[in-house]
Amino acid sequence: MSNSESFAVARLQRDVPGAEARIDDAIIALSTLMTSVVTARRETSVAAKTGQATIIRLAKAQMSLIDISNEVLRAHGELADIGKETAGLDLHECPSMAVAPSHLAAVA
């Protein structure tokens, strides 16, 4: 494998799991925001309809991020296949960086 191929592989091995982790962070942030909105509604004793449009928007945003996560995971698999086919990489498993952090593994 040439140096340029090695550098490309190293970048991808760093960037793909990094992107996956940042998407997960965004999903967590939206989930936290959703919890805060619903909790605020309950704690302020406002009508159940108050903030409902906001909650629906947040739920749609979460689903959008889940769709994005799915597409990135598919791209990850495709890149691994490309690595096997073109660079002769023997990728039995993704780099350890791609493994869920231990605090997420407990809920998975």
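R14 forms a salt bridge with D15, and the closest N and O atoms of the pair lie 2.8 Å apart, where a salt bridge is a side-chain nitrogen of Lys or Arg within 4 Å of a carboxyl oxygen of Asp or Glu. A search of the whole structure finds one salt bridge. This is a predicted model, in which local features need pLDDT of at least 70 and side-chain atom pairs count only at pLDDT 80 or more, while totals for chains, interfaces and linings use all residues. Residues are numbered from 1 along each chain as its sequence is written, and side-chain values use heavy atoms, with hydrogens and water left out.

The protein has three helices and zero strands, and from the N terminus on its elements run α-α-α; helices (H or I, at least four residues) and strands (E, at least two) are DSSP runs, numbered from the N terminus. Of the contacts with a separation of 6 or more, 71% are between residues 24 or more positions apart, a contact being heavy atoms within 4.5 Å.

The accessible surface comes to about 7,800 Å², and 60% of this belongs to carbon and sulfur atoms; such areas come from the Shrake-Rupley method with a 1.4 Å probe, and for residues only the protein chains shown count as cover. Buried residues make up 17% of the 108 residues, where buried means under 20% relative accessible area, exposed over 50%, and partly exposed in between (1.4 Å probe, protein chains only). The table gives this value for some residues.

| Residue | Relative accessible area | Class |
|---|---|---|
| L12 | 40% | partly exposed |
| R14 | 46% | partly exposed |
| D15 | 36% | partly exposed |
| S45 | 65% | exposed |
| D67 | 47% | partly exposed |

S45 lies in the loop between α1 (3–43) and α2, and although S45 is not a glycine, its phi is positive, at about 55 degrees. Most residues other than glycine have a negative phi.
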